Amino acid sequence: MSAAVEIVDVARRFGTVQALAGVDLAVEEGEFFGLLGPNGAGKTTLISILAGLTRADRGTARVLGHDVVTDYRRARRLLGVVPQELVFDPFFTVRETLRIQAGYFGLSNNDAWIDEILHHLDLASKADANMRALSGGMKRRVLVGQALVHKPPVIVLDEPTAGVDVELRQSLWGFIRKLNRDGHTIILTTHYLEEAEALCGRIAMLKAGKVVALDTTQNLLSSFAGLTVRLTVSTLPDAWRERVLRHEGATYLLSLTSYAELESLLSALRAQGVTIAELAMQEADLEQVFLRIMKRAA
Amino acid sequence: MSAKLSAEPGADVGAAAAADPGASAGIEPGWHRSGWHRSGWQTLLYKELLRFWKVSFQTILAPMLTALLYLLIFSHVLESRVSVFDGRVGYTAFLIPGLVMMSVLQNAFANSSSSMIQSKITGNLIFVLLPPLSPLDLFGAYVVGAMVRGLSVGLGVFLVTLWFAPIAPTHPFWALAFALLGSMILGVLGLLAGIWADKFDQLAAFQNFLIMPLTFLSGVFYSIHSLPPFWQALSHFNPFFYMIDGFRYGFFGLSDIEPGLSLAVIAVSCASLSGLTLWVLKRGYKLRH
């Protein structure tokens with residue numbers, strides 16, 4: 001059985017920037033897969049290559065066994081992509097937009113499915129409104145609808161919840177989860193790491209065009225488990241600076257391997273006469289795992 | 001996969017897609033039974049038609065009014081002063097086929113070029129690039145859409161100008177052949193310009209410094225026999241001249257040059273430009289990076 005998505009040694013350079021430097025990745029059918037990485041890591045380039053919007057310098061990408069270049073018609077029919085950019089055609093209403101998008105895939109009598117999409121995306125009341133009249137969040141949901149209108153077995157969501165309010169984000173994820181339960185493969189990129197942690201069974205992390213981590217969400221969380229200390233201090237001893245995952249002003253997020261290290265840290269602060277304004281221990285979550293992996297890959 | 005999807009409304013689509021994901025032309029069998037369907041390129045054509053129809057004041061009525069103003073002004077000023085085809089045709093009657101063809105050409109160009117560049121700049125071209133549409137699908141839809149707009153405006157101009165000089169084509173098939181080929185060439189040229197241009201400014205330059213001069217200097221308002229020999233010779237390098245002259249032959253049976261030659265020139269131009277544009281679309285130049 002073919003993988004839902006198979007990417008082999010894909011590389012792409014834009015001028016002097018190596019956007020992808022030989023990525024290998026396989027997503028199995030029915031997975032809810034997360035593709036994470038900082039801005040510029042190559043996530044969108046990878047998705048663009050999969051969708052046929054960008055051509056790889058080398059390597060191959062397949063959707064359910066169909067090469068996205070040599071067998072692009074079949075590959076694209078099996079793929080639904082929610083683009084990151086908030087784009088729309090100002091000439092049409094929401095329903096026209098969805099009907100036209102379905103028509104591009106050769107589907108012309110699928111109003112029942114379009115109605116269901118409108119219902120699940122809470123757009124039914126806006127079906128006949130012009131795209132220009134919609135808020136940013138609504139336009140984003142129409143983009144999701146457009147990606148689903150041909151019922152693709154593989155769905156790629158590139159930052160689908162940016163600009164969508166919390167309530168609607170929950171209903172959107174409910175719908176996407178339902179699609180996943182029904183057998184659709186979901187590939188998600190998001191900067192909301194708590195969403196990725198809650199939704200994705202497996203996660204790949206990209207940095208500078210390379211896969212720097214690839215495992216189940218559970219394994220990533222446990223393999224990088226450790227203590228994280230949130231500390232607000234006037235200054236941090238130099239010896240501890242390399243343990244900083246992130247800092248904002250005087251607040252530092254530090255990774256520790258054990259409680260014994262916490263005592264060492266406190267001793268170092270006492271020795272320098274540093275006053276602790278705030279100290280909190282945190283459980284490992286995906287954000288901390290992400291920060292540690294990115295720091296390690298630097 | 002199909003068993004899982006069958007729980008969904010519209011399951012026939014998903015199930016069929018899973019069973020035969022490569023069904024030709026993007027159509028899953030289940031949908032054929034539910035009635036007439038539109039293929040991908042036909043949908044894109046429908047979208048192109050709907051796009052200009054929704055702003056028909058701007059895309060159809062405004063160019064008709066412009067052509068009418070040309071007719072009113074030029075015929076009023078020049079009717080008694082200009083003799084064409086040795087006086088066998090009145091100037092106003094002579095002007096009408098020229099204005100009709102000029103409207104056809106300019107509007108065909110405007111349609112495909114503006115649609116392409118708007119989609120590129122606003123980013124919604126992605127909706128056309130993600131589906132399984134081939135380069136030929138894109139070419140066909142944009143060009144036929146442009147032809148329909150050009151011919152619609154041309155027909156409108158013709159019907160309105162009948163009130164000023166009731167003329168009818170004496171060789172309608174010649175007129176039709178030139179109108180179809182002319183609108184196709186400009187539709188293709190518009191598509192090419194829209195793909196090439198990165199900014200509206202570049203497209204406007206293409207339109208104002210190439211299309212407009214070539215149209216105005218193509219014999220819309222005069223017969224090239226009224227020009228000095230140098231300009232007459234130069235006119236033969238203007239492909240628009242052959243379109244206007246041949247189209248006019250369809251109305252009066254008179255032309256500056258043999259209509260068969262004109263038809264051959266524009267047919268070769270059309271084939272060359274179409275080949276180039278299809279190659280550009282296949283390469284994904286400025287569309288797929």
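I looked up S6(A) and strand S7 (residues 154-158) of chain A first: they pair in the parallel sense over 4 bridges. Strands here are DSSP runs of E, at least two residues, and helices are runs of H or I, at least four, numbered from the N terminus. Two strands pair if DSSP finds at least two bridges between them.

This is a predicted model; local features need pLDDT of at least 70, side-chain atom pairs count only at pLDDT 80 or more, and totals for chains, interfaces and linings use all residues. Residues are numbered from 1 along each chain as its sequence is written, with chains lettered from A and ligands numbered from 1 in the order in which they are written.

I checked the pair: A:Val82 stands opposite A:Leu157 in S7(A). Helix H5 (residues 136-148) of chain A packs on the sheet and touches S6 and S7 of chain A. Contact requires C-beta atoms, placed from the backbone, within 7 Å. The direction of H5 makes about 170 degrees with that of S6(A). Angles run from 0 to 180 degrees between N-to-C directions, and axes are lines fitted to C-alpha atoms, for helices over the stretch in contact.

Next I traced the whole sheet. It is open and mixed, with 6 strands in the order S6-S7-S8-S3-S9-S10 (chain A). Strand S6 (79-82) and strand S10 (210-216) of chain A are the edges, each pairing on one side only.

Then I turned to chain B. The axes of helix H4 (residues 40-53) and helix H8 (residues 135-161) of chain B come within 8 Å and cross at roughly 30 degrees. Residues of H4(B) in the contact include B:Trp41 and B:Phe52.

Conventions. Two residues are in contact if their C-beta atoms, placed from the backbone, lie within 7 Å.
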